[in-house]
Amino acid sequence: MSFVSLVGPAPWGFRLQGGKDFNVPLSISRLNDGGKAAQAHVGIGDVVLTIDGISTDGMTHLEAQNKIKACTGNLNMTLQSYYVNTVT
């Protein structure tokens, strides 16, 4: 799990997919080259666990988009990386 703080204002440089209405967790589907999210090492497939401290569990896609759009300063998110580090 990682905490990411993107310095505003928007654009944040990523696209979301999923949500309660799609029966899949909210996750990052696209990154803009050189965008704020890419510079913060956000990864495609990362699951968004919180947006500004609010759990995304049960959040629809539109609710998540609106929560992100409402961020006029920094956008703070907790992410679960798509890639799991394993020790062999």
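In the predicted model, glycine 19 is located in strand S2. Its relative accessibility is 3%, and glycine 19 therefore counts as buried, the limit being under 20%. The residues in contact with glycine 19, leaving aside those up to four places away in sequence, are Val24, Pro25, Leu26, Met59, Thr60 and His61. One of these contacts, methionine 59, lies 40 residues from glycine 19 along the chain, yet the two C-alpha atoms are separated by 6.0 Å.

Strand S2 pairs with strand S3 in an antiparallel arrangement, to which 5 bridges contribute. Within this pairing, arginine 15 has arginine 30 of S3 as its bridge partner. The two strands form a hairpin in which 4 residues lie between S2 and S3. Asparagine 23, in the turn of this hairpin, has a positive phi of about 60 degrees.

The largest nonpolar core comprises 18 residues, and the members that touch the most others are Leu6, Phe14, Leu16, Val48 and Leu75. Two or more residues are given to this core by each of S1, S2, S3 (24–31), S4, helix H2 (61–69) and strand S6 (75–80). The largest share, 3 residues, is supplied by S6. For phenylalanine 14, the contacts beyond four places in sequence are Leu6, Ile28, Arg30, Leu31, Ala37, Ile68, Leu75 and Met77.

His61, Ala64 and Ile68 are buried in H2. These three residues lie on the same side of H2, because they cover an arc of only 65 degrees around the axis. In an α-helix there are 3.6 residues a turn, so residues three or four places apart point the same way. Leu62 and Lys69, by contrast, are exposed on the other side of H2. The cover over the buried residues of H2 includes S2, S3, S4 and S6.

In the loop between strand S1 (2–6) and strand S2 (14–19) lies proline 9, which is joined to glycine 8 by a cis peptide bond with an omega of about 5 degrees. Proline 11 is found in the loop between S1 and S2 as well. A cis peptide bond, with omega about 10 degrees, links proline 11 to alanine 10.

Histidine 41, with a phi of about 65 degrees, is placed in the loop between helix H1 (36–39) and strand S4 (47–51). The relative accessible area of histidine 41 is 71%, so this residue is exposed, for which the limit is over 50%. Aspartate 52 has a phi of about 50 degrees and belongs to the loop between S4 and strand S5 (54–55). Because its relative accessibility is 35%, aspartate 52 counts as partly exposed.

Methods. Residues are numbered from 1 along each chain as its sequence is written. This is a predicted model: local features need pLDDT of at least 70, side-chain atom pairs count only at pLDDT 80 or more; totals for chains, interfaces and linings use all residues. Side-chain values use heavy atoms; hydrogens and water are left out. Buried means under 20% relative accessible area, exposed over 50%, partly exposed in between (1.4 Å probe, protein chains only). A nonpolar core is a set of buried Ala, Val, Leu, Ile, Met, Phe, Trp, Tyr and Cys residues joined through side-chain atoms within 4.5 Å. Contact means heavy atoms within 4.5 Å. The arc is that of the directions from the helix axis to the C-beta atoms. Two strands pair if DSSP finds at least two bridges between them.
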